[in-house]
Amino acid sequence: MKSIILLGAPGAGKGTNAKRICASYNIPHISTGDMFREAIKNKTPLGELANSYISKGALVPDDVTIGLVKERLSKDDCKDGYLLDGFPRTIAQAEALENIGKELNREVKYVINFVVPENILVERITGRRVCSKCGAPYHIKNMPPKVEGKCDLCGGDLIQRKDDNEETLRTRLSEYHQNTMPLVKFYSKVNKLHEVDGTKPLEELMKDINAILG
Ligand code: AP5
Ligand code: MG
C-alpha cells in the first residue's frame with residue numbers, strides 16, 4: 001500500500017512533487033491547502049472559517065482539519081494508497097492520523113521530508129504562480145509556463161496565491177518551525193521518515209523518491 005505523507009516547509013516542493021508521484025503510482029492527491037482554497041472559492045462556511053486563518057498565514061484549527069482528512073481518507077479511492085500533502089502539520093494531527101489509519105486499516109507507510117534552505121524557500125514562494133483552474137504550480141524563473149500567464153496543462157490563467165507575499169510567508173515559516181518541524185522526530189522514531197534534497201531538479205528528485213517507494 002502506497003500511503004504517503006509529504007513533509008516540508010512552505011515552498012519545499014510538496015505540491016509540485018505530489019502531482020508527479022500521484023500520477024506515477026495512481027493514488028489520490030490529498031492537499032488540505034487545496035481543499036481549503038476550493039472551499040474559499042465556493043464561499044462555503046468551511047471556506048469562510050479557513051480564510052480567516054490562511055490569509056494571515058496561521059494554521060486552521062486541528063479539529064476542523066482532522067475532520068476533513070478523516071472524511072477524505074474514508075473514501076473508496078484511498079483503499080490502495082493515498083498521498084497527503086500538507087497534513088499532518090501538528091503533533092495532534094499526526095496522533096489523530098495514526099488512529100484514523102488504524103481504524104480504517106489505511107496506515108501511513110512512508111513519510112518523505114523535503115529539505116530546502118530558507119533563502120530558497122522565500123525565492124520560490126514569491127516567484128510562484130498557480131493555475132486558477134487546475135492548481136498546477138509554476139515559477140516565473142525556475143519553471144515558467146510555455147505561454148506567459150497560461151497553464152501548460154489546461155490553458156487556465158495563472159495567478160499568485162494571496163498568502164504568497166513576504167509578510168504572510170514569515171508567519172507561515174514560524175508556524176512551520178514551531179508546529180510542524182517536531183513531526184520530523186515523531187516519524188523518525190517510528191522509522192517511517194525519509195529525507196530528500198528538495199533543491200535538486202525534479203527529474204533527479206523523482207528518482208530518489210522512486211528509490212524510497214520501491
Ligand atoms: P498549503 O497549501 O499546504 O501551503 P504550504 O505548506 O505553505 O506549502 P506550499 O503550497 O506553499 O508549498 P509547496 O511545498 O507545495 O511548494 P510547491 O510545490 O508549490 O497550506 C496553505 C495554508 O492552509 C496554511 O498556511 C494553513 O493556513 C492552511 N493549512 C493547510 N493544511 C493545514 C493543516 N494540515 N493544518 C492547519 N492548517 C492547514 O513549490 C513552490 C515553488 O517552487 C513553485 O513555484 C515551484 O514551481 C517551485 N519548485 C518546486 N520544486 C522545485 C525544484 N525542485 N526546483 C525548482 N523549483 C521548484
Ligand atoms: Mg502546496
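**Figure 1. The whole chain and its surface.** The protein chain has an accessible surface of about 11,000 Å², and carbon and sulfur atoms own 51% of it (areas come from the Shrake-Rupley method with a 1.4 Å probe; for residues, only the protein chains shown count as cover). This is a predicted model, where local features need pLDDT of at least 70 and side-chain atom pairs count only at pLDDT 80 or more, while totals for chains, interfaces and linings use all residues. Residues are numbered from 1 along each chain as its sequence is written, and side-chain values use heavy atoms, with hydrogens and water left out. Count up the secondary structure and you get 9 helices and 8 strands (DSSP runs numbered from the N terminus: H or I of at least four residues for helices, E of at least two for strands). The radius of gyration is 16 Å, close to the 17 Å that the globule rule gives for 214 residues, so the chain is as compact as a globular protein of that length (taken over C-alpha atoms; the rule is 2.2 Å times the number of residues to the power 0.38). Of the 214 residues, 46% count as buried, meaning under 20% relative accessible area.

**Figure 2. Inside the largest nonpolar core.** A nonpolar core here is a set of buried Ala, Val, Leu, Ile, Met, Phe, Trp, Tyr and Cys residues joined through side-chain atoms within 4.5 Å. This one has 26 residues, and those touching the most other members are Ile 4, Leu 6, Ile 21, Leu 83, Ile 112, Phe 114 and Leu 213. Among the elements that each supply at least two residues are strand 1 (2–8), helix 1 (14–25) and strand 4 (110–115). Helix 9 gives the largest share, 6 residues. A second, separate core of 20 residues includes Ile 30, Cys 78, Val 111 and Tyr 187.

**Figure 3. Zooming in on Phe 114.** What is Phe 114 in contact with, leaving aside its neighbours within four places in sequence? The list includes Leu 6, Leu 7 and Gly 8, along with Ala 12, Asn 17, Val 196, Leu 205 and Ile 209 (contact means heavy atoms within 4.5 Å).

**Figure 4. Arg 161 and its surroundings.** Look for Arg 161 in the loop between strand 7 (158–159) and helix 7. Arg 161 has 17% relative accessibility, so it counts as buried. Beyond its neighbours within four places in sequence, Arg 161 is in contact with Arg 37, Arg 128, Val 130 and Arg 172. Lys 14 is 147 residues from Arg 161 in sequence and 16 Å away in space, C-alpha to C-alpha.

How values were computed
Chains lettered and ligands numbered in written order. Buried < 20%, exposed > 50% of the residue type's maximum accessible area, 1.4 Å probe, protein only.
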